[in-house]
Amino acid sequence: MAYDHGLEHGPSDFNATSVDPQFIIDLASKGRFNGLVLQKGVAERYYDGAVPLILKLNGKTNLVQGDPVSRQICSVEEAQALGAKAVGYTIYPGSIHESLMLHEFGKIKEEARRKGLPTITWIYPRGKSIKNDTSPDIVAYAARIGLEIGADAVKIKYTGDVESFRWAVRSAGKTRVFMSGGPKADSEIAFLRQVREVMDAGAAGVAVGRNVWQSRYPLKISEALRRVVVDDWSLKEANRLLT
Ligand code: FBP
């Protein structure tokens with residue numbers, strides 16, 4: 001489960017419940033998530049060790065316009081001290097600043113490997129040169145970048161259909177692929193269908209935020225999600241949990 005939105009988007013993503021990190025920490029645990037993505041400030045004050053921590057090492061706000069850059073704001077050492085079992089880093093290929101992020105991640109990867117921590121990269125093609133960040137070619141390129149730079153897992157956006165996502169998964173080779181959730185889908189079933197499709201395409205799992213904690217039934221959707229991802233349930237079976 002991802003919960004780094006307070007930095008990336010600000011509190012406008014939250015409601016009166018999800019604005020409280022404690023609610024998310026409890027939800028991740030009750031919903032039996034196998035990872036929780038936090039920035040260091042939230043981790044320092046709220047993380048309780050119940051769900052494996054994935055510490056996000058870089059981040060940015062959405063207040064700056066133009067080609068994005070996201071710089072490191074937490075060290076690998078600090079992440080480990082906070083209890084992280086893996087570290088996360090976002091790269092925006094296509095941005096005029098991409099080389100900065102690729103370089104920074106290269107250093108992080110070397111240190112993380114020495115410390116035995118897996119790396120998960122959010123690879124979001126973005127910037128003036130990117131016309132459509134979910135086109136199959138662009139998403140497959142993002143997946144491949146993950147492999148080329150040595151990420152253990154890559155988090156990419158959905159392309160919209162199983163076949164093109166399967167190509168993205170193949171392009172990532174032995175780097176595991178997680179789908180990024182995106183803004184809240186029209187319905188819980190529409191979101192679950194998307195998850196079913198990415199699993200059918202060979203993804204290792206999903207790393208989602210808004211589609212869980214913006215739902216009216218966060219616990220039910222967590223359970224349905226786990227059933228599809230971990231237990232390989234069909235959409236029909238999982239959907240019964242929502243009714
Ligand atoms: P969601 O499932 O809510 O989309 O979260 C995934 C995520 O990658 C977060 O980790 C991050 O804060 C956010 O999306 C960034 O979204 P974007 O850069 O596309 O606005």
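User: Is Arg 196 buried or exposed?

Analyst: Relative accessible area decides this: under 20% is buried, over 50% is exposed, and partly exposed lies in between (1.4 Å probe, protein chains only). Arg 196 has a relative accessible area of 11% and is therefore buried. This is a predicted model, in which local features need pLDDT of at least 70 and side-chain atom pairs count only at pLDDT 80 or more, while totals for chains, interfaces and linings use all residues. Residues are numbered from 1 along each chain as its sequence is written, and side-chain values use heavy atoms, with hydrogens and water left out.

User: With which residue does Arg 196 form a salt bridge?

Analyst: A salt bridge is a side-chain nitrogen of Lys or Arg within 4 Å of a carboxyl oxygen of Asp or Glu. Arg 196 forms one with Asp 232, and their closest N and O atoms are 2.9 Å apart. The pair links distant parts of the chain, 36 residues apart: Arg 196 lies in helix α8 (residues 188–200), and Asp 232 in the loop between α10 (218–229) and α11 (235–240). Helices (H or I, at least four residues) are DSSP runs, numbered from the N terminus. Asp 232 is exposed, at 54% relative accessible area.

User: How many salt bridges does the whole structure hold?

Analyst: The search finds 13. One of them joins Arg 166 to Glu 163, with the closest N and O atoms 2.5 Å apart. These two are separated by about one helical turn, because they are 3 residues apart in helix α7 (residues 162–171). Arg 166 is partly exposed at 30%, whereas Glu 163 is exposed at 52%.

User: What separates Arg 227 and Glu 223 in helix α10?

Analyst: About one helical turn, since they are 4 residues apart in that helix. Salt bridges that share partners join Glu 223, Arg 226, Arg 227 and Asp 231 into one network. Between Arg 227 and Glu 223, the closest N and O atoms are 3.3 Å apart. Both count as partly exposed, Arg 227 at 24% and Glu 223 at 25%.

User: Which side chain makes a polar contact with that of Ser 164?

Analyst: A polar contact is a pair of N or O atoms within 3.5 Å; within protein, one must be able to donate a hydrogen and the other to accept it, and residues adjacent in sequence count only if both atoms are side-chain atoms. The side chain of Ser 164 makes such a contact with that of Asp 161, at 2.8 Å. Ser 164 is in helix α7 and is buried at 11%.
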